[in-house]
Amino acid sequence: MIRILLLCWLLACTLTPNTALANYQITPAADWVAPAKLPPLVAETIPTEQLSDGTYYRLLEDQIQVPGDNPNAVSHYIRYVMHATNQSGVENISQLNLDYDPSYQRIELNHLRVIRDGQVIDKIPTAQLKVLQRETEAEQLIYDGTQTLNIIVDDVRPGDSLDYAFTRIGRNPIYQGRFSYSAQLDWSVPVAEQYIRIDWQKPQPLHIQQNNGDAQINVTDTANGKEYSLYITSPDMRRYDSQTPLWHDPYHMVFFSEFYRWQEVVDWALPMYQQALSTGDDITAIAEQIRQQHPTLPAQIGAALKYTQDEIRYLGLEMGSNSHLPTPAQETLQNRYGDCKDKTVLLISILRALGVEAHPALVNTQLDKGLAETSPSSARFNHVLVTLEHDDERYWLDPTTSYQTGPLLALSEPDFGYALIVKSSQNTLTSMHKPVERIHRDITERYELPNASEPLALFSVQSIFSDADAISKRQELATTALQTLQENYTNYYQDYFAGTQHTQLPQVREHPQKGAIEVTEFYQIDDFWSDEENGQTAYFYADDIQNAIYQPDTKTRISPLYLQHPYNVNYTIEVKLNERDWYFNNSKSSIDNPYFSLASQVRFSSNTLTLTYQFRSKTDHVPVAEMPAYLDAREQLLDATQYGIRQAYSHVNEAEQDNFLLLGYAVIGYCILALVVITAFVTLWRVEAGKRPTFSEQRYYPVSTVKFCLYSLLTFNIFPFYWCYKNWQYIKQQHNEAMMPIARGFFAWLWYYPLYLRFYQEGKELGTQQYLPPKWLAALFAILVVVLHIATSLDFYGTVFYLVWPLLWLPLVNYTAHINQRNESLPYYSRWRVRQVLLAVVLLPILTLGLAQDIGLTANVAVVSGDKVWQHDKRFMLRHGVLNQNEQLLYFYSDAAWNIRDDGNGITEQGVFSYYRDQGQLQVERADFGDIVNVHTEFANQDDGYTTIDIERADGSSFRLILSSEEKGDNKFVQALQTRWRQPLAQ
């Protein structure tokens, strides 16, 4: 019924004409307002490089009048002057939303102006004003009745400044005339001026507190009281990193409050909660029923909490005074709904009927433990809990939490840092933190490994969740279909074992006396072992522990890093091994640091390997100065929480062993040679640089076009960057300019056209500009340089683009060579030196290999179209029955190291095939589309992984295709297979 009434109320608000909603008027600012003078805008001083949305805040102004005779009639004058530097800024400033609560507030729009080229344009006559009923927290089941004056400003252009001011009149009567106000004095965006003024007309002065700064606050006497003001020019810019704890506030804050002590806030809140408590017959009956069903007091407290959580649904109707005024407990019980304060009052009433003394506790879920750094105020809280003492221990209960169960000692207690207990004579905040020794997760993974001839392994996971983790798991199970959850779990484990499939849905079991929930999952792993050189391996990870000590998005930080705490995990991995003879050393190890402790153990008995890990968190954050130590500790934890096992191949072809050995020696030898050559190159280059002569009248860095092209190709196009750097270095030295030649050399592909302009300007003075291309052609070349630089990162045709890129630089290279043709510097820099020849020779094989892959001479790293396969390779496939006569090859992939005749997977117009060499013999598998009865595809989980396609024939036999996911070629292959197969692709 209440849902229908609520919907009708919202619909009525939506359909009400604006004249009924329009609790605003357009009028000049009141006489008490003393507007700040707006300094003229100097375009050159706008810090455009610091603007993220094209908006520059020229002035932030807040003026507040607090009358002594009617303290609820507070007037808050707000003025913003915002300058739009681009179109994004125009969109940002041309629509305004001014919020107010119509039950006790009204809005006066004082002015709305656009400042353009020094002219002030009044926008009130042409702006569109509309009052909206926006419930921004409706999805959280909170309705506060706030209305919004929406203003759409017409004809706003880049370069305009929007100057608008409005006055919000009225203050929530729930505060009983007690005033408090806080302001931020530095920002994450540039601000030119900030002005704050309070016209205080009460006899008692305001209490003032500043955090993270010390601004000068002027206090002057007036005829009616006092005036507090501060004016800041160019406030500091501050920011904080992601993954920062809630309580960390780096901003300079100033607090003005009529409250001097927290006791005054308690005196304000206590009567409201006392009046709402009830000991009526209905509440007494609930308490008696709980007492009969639960013999012990801790169990009764847990049952009372669960009744309030489960039987009274959450709904917040927080219009006007209802934002802080709790509904009487009896009424909440009849309505069967309520918000945090309503549920709190009801729970306290039930507990008192059970003989338990309990009290409300005000908290701030956003400030967290940073609440202790703020000044006392009744507006400092956004949530309320229940607190009580039992056996000399304080407990915190949240009646708005769902999916919680268990007696008092097993309940998950919230920790918002500090709370203000609404209790007579309470004069300070109370810390909510308490050491938690309980285990949040107890996980056991069990593996039954296959025999040598069997690929299938069995795998189960038993997870017992306690404390807040149990609440989260129950919520997940209640809001997501079990089948969907199982699919999510399966996908998760497939990151570790690609062939993982669940064998049944999870089993869920509650442990009510412990407040815990147990979930057991069951899987089979089709391909447990991973092939590596000389053996097969498998790795096990305590991933819930690894995820707790995570790698931050930002490593070089200016604010502390958030850590989950308390968070304690026991993790066990049991591996029942196959019939092979296994042996593992039993061992113990530990890690202990300021962030966590980890105890691990390896035990091997009765052919079962058992890995146990005990993780205990120690802190909720990492200080900035300790980030290197934290990252080192994380690496230690990752190493300690993974364990690998290996079984050797039963037989390996000796010839293959010899080939692998020779190839390994060759690769090692090449790497050593390359290291020696590179070392020699650097050494000789430094020696030559120290002896390099100075050439008079040398201009720029001349080199012959032939050497430029060859040396660029043989150094993987590194030389153009060096050439560009040397020319910018010459320009800096000749003109004594402030620049960074290294940076311009590093980003040479972006500085092509500016370098050309330097050449062109000097060429006009020397009369040599005719040896340069015209500007339009140089601009075209500059664009192509950028495009081809990006294109070289593509695997397909990357080498082709790589070969073309140096040619675009030849007009500039040729110009420097021409103007130095009679200078000795040209032959000096164009000469090939021993170090350059050696470097070119040692890098030539890599260049050759890349080119060979691109043109199809060797296996490519990605799936390629059939026309990229050479005809002689297709004839090889034809001779060995891989392809039929005149059959068109659509897509092909080879995992071979060099020769695609050793391994290949492909699709044609008629079917699919796979071939590979086993002990020198070519093994071929092929199926026409008409013979295929089932296709199962497992896509790679990353861009550089492997996708597998299992093909099942009508006779019951099957084979597998393996495709690289590079460049998403596997998607093209699978799409071609799906469209040509006689049935839809089976997933």
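Among contacts in the protein chain between residues at least 6 apart in sequence, those joining residues at least 24 apart make up 70%. The model is predicted. The protein chain has 987 residues, of which 48% are buried, and contains 24 helices and 45 strands.

**Helices H9 and H10**

- Helix H9 covers residues 467–479 and helix H10 covers residues 482–493; the two pack with their axes 8 Å apart.
- The angle between H9 and H10 is about 120 degrees. Angles of 65 to 115 degrees count as roughly perpendicular and those over 145 as roughly antiparallel, so H9 and H10 are oblique to each other.
- On the side of H9, the contact is made by Lys-473, Glu-476 and Leu-477, and on the side of H10 by Leu-482, Leu-485 and Tyr-489.
- Sorted by class, this contact of H9 with H10 comprises 4 nonpolar and 2 charged residues, with no polar ones.
- Asp-467 also belongs to helix H9. Its phi is near 55 degrees, which is a positive value in a residue other than glycine.
- Asp-467 has a relative accessible area of 13% and is therefore buried, the cut-off for that class being under 20%.

**Cavities**

- Searching the whole structure gives 4 cavities of 30 Å³ or more.
- The second largest cavity holds about 70 Å³ of space.
- By class, the lining of the second largest cavity consists of 9 nonpolar and 2 charged residues, and no polar residue takes part.
- Two strands, S25 (441–448) and S30 (535–541), each contribute at least two residues to the lining of the second largest cavity. Strand S30 provides the largest share of that lining, with 3 residues.

**Backbone features in loops**

- His-565 and Pro-566 are joined by a cis peptide bond, with omega at about 0 degrees.
- Pro-566 is found in the loop that runs between strand S31 (561–562) and strand S32 (568–576).
- Arg-336 is placed in the loop between helix H7 (329–335) and strand S19 (337–338).
- The phi of Arg-336 is near 65 degrees, a positive value in a residue other than glycine.
- Arg-336 counts as partly exposed because its relative accessibility is 31%, a value between the cut-offs of 20% and 50%.

**Ser-958 and its surroundings**

- Ser-958 is part of strand S45, which comprises residues 958–964.
- When neighbours within four places in sequence are left aside, Ser-958 is in contact with Ile-951, Glu-952 and Arg-953.
- Ser-958 and Val-935 are 23 residues apart along the chain, and their C-alpha atoms are separated by 9.6 Å.

Definitions and conventions:
Residues are numbered from 1 along each chain as its sequence is written. This is a predicted model: local features need pLDDT of at least 70, side-chain atom pairs count only at pLDDT 80 or more; totals for chains, interfaces and linings use all residues. Side-chain values use heavy atoms; hydrogens and water are left out. Axes are lines fitted to C-alpha atoms, for helices over the stretch in contact, and angles run from 0 to 180 degrees between N-to-C directions. Helices (H or I, at least four residues) and strands (E, at least two) are DSSP runs, numbered from the N terminus. Angles under 35 degrees count as roughly parallel, over 145 as roughly antiparallel, 65 to 115 as roughly perpendicular and the rest as oblique. Contact means heavy atoms within 4.5 Å. Ala, Val, Leu, Ile, Met, Phe, Trp, Tyr, Cys and Pro count as nonpolar, Asp, Glu, Lys and Arg as charged, and the others, Gly among them, as polar. On a 1 Å grid over the protein atoms alone, a cavity is a set of points where a 1.4 Å probe fits but cannot get out, and a pocket is an open set with protein on both sides within 12 Å along at least five of seven lines; lining residues have an atom within 4 Å of a point. Grid points are joined across faces, edges and corners, and a volume is the space filled by probe spheres set on the points. Buried means under 20% relative accessible area, exposed over 50%, partly exposed in between (1.4 Å probe, protein chains only).
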